[in-house]
Amino acid sequence: MSERDASGPETADTAADADGRLTRPAEDRPPYVESTIIMTTVRVIAPFVLTLGVFVMFHGASSAGGGFQGGVIAATTVVMLGFAFGIEPIAARLRNYHLAGLVLSGLGAFLLVGFGGYLLGGTFLQVPAYEALVHHGSKYSIEVVEIGIGVIVAGVITGLFFLLGTGVDTAREATEPGSEDG
């Protein structure tokens, strides 16, 4: 018998699972304490942090930075907002399908540039082939790849933050004792 079964029947707070809804009971979560100083500070610096993340993503092709670093910085904005205003209100506004759309759009941009090399007679991610289409085509195509990577990283890190912060229970079926074959 699992710990979850021993605690009794599921309530409205604990119901939900495969859809990615919140499943951790409210009494198990640490109390949220509002701090005017933290909320005001985050309100002021969050736009600058997000701008820095986008800047780092854009300049990854020609200077220090890149998609991964910029994506992490951009995701930090959501983490700061979660700590300042509570994770659940932020997670309620930024739903799983938003994050999935973000990740898929980044993946789509990456694959578009990657397979575009084939269409131009090159190989996967052969960005010099884009010079035939657009002046500085290789530079712009690398920028699109960096932005795609940044968007993917930002979406994944934000999703992991929500997963850890709100306790989504999607692995119950796989880890439920007695549900394994044999």
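Predicted model: local features only at pLDDT ≥ 70, side-chain atom pairs only at ≥ 80, totals over all residues.
1. Overall make-up. The protein has seven helices and zero strands, and from the N terminus on its elements run α-α-α-α-α-α-α. Of its 182 residues, 34% count as buried. The accessible surface comes to about 11,200 Å², and carbon and sulfur atoms account for 67% of that area.

2. Contacts along the chain. Among the contacts in the protein with a separation of 6 or more, 62% are between residues 24 or more positions apart.

3. Thr 77. This residue lies in helix H3, which covers residues 67-85. Its relative accessible area is 7%, under the 20% limit, so Thr 77 is buried. Neighbours within four places in sequence aside, Thr 77 is in contact with Ala 46, Val 49 and Leu 50. Helix H2 covers residues 36-58.

4. Val 72. Helix H3 also holds Val 72. With a relative accessibility of 29%, Val 72 counts as partly exposed. When residues up to four places away in sequence are not counted, Val 72 touches Val 153 and Ile 157. Helix H6 is given as 137-166. The C-alpha atom of Val 72 is separated by 10.0 Å from that of Leu 50, the two residues being 22 residues apart along the chain.

5. Thr 40. This residue is found in helix H2. A relative accessible area of 40% makes Thr 40 partly exposed.

6. Aromatic pairs. The count of aromatic pairs comes to six. In one of them, Phe 110 and Phe 124 have ring centres 6.3 Å apart and planes at 65°; the angle is over 60 degrees, so the pair is edge-to-face. Phe 110 belongs to helix H5 and Phe 124 to the loop between H5 and H6, so this pair ties together parts that are 14 residues apart in sequence. Phe 110 counts as partly exposed at 22% relative accessibility, and Phe 124 counts as partly exposed at 31%. Phe 124 also pairs with Tyr 118: the centres are 6.5 Å apart, the planes are at 40°, and the pair is tilted. Tyr 118, at 47% relative accessibility, is likewise counted as partly exposed.

7. Aromatic cluster. Phe 110, Phe 115, Tyr 118 and Phe 124 form one aromatic cluster. Helix H5 is given as 96-119, and the loop that holds Phe 124 runs between helix H5 and helix H6.

8. Surface patch. A nonpolar patch on the surface is formed by Leu 104, Leu 107, Leu 111, Phe 115, Tyr 118, Phe 124 and Leu 125. Together these residues have about 620 Å² of accessible area.

Methods:
Residues numbered from 1 in each chain as written. Heavy atoms only, no water. Helix = DSSP H or I, 4+ residues; strand = E, 2+ residues; numbered from the N terminus. Buried < 20%, exposed > 50% of the residue type's maximum accessible area, 1.4 Å probe, protein only. Contact = heavy atoms within 4.5 Å. Patch = residues over 30% accessible without salt bridge, like charges linked within 9 Å, V, L, I, M, F, W, Y side chains within 5 Å. Areas by Shrake-Rupley, 256 points an atom, 1.4 Å probe, with all protein chains shown as cover. Salt bridge = Lys/Arg side-chain N within 4 Å of Asp/Glu carboxyl O. Phe/Tyr/Trp six-rings, centres within 6.5 Å; stacked < 30°, edge-to-face > 60°.
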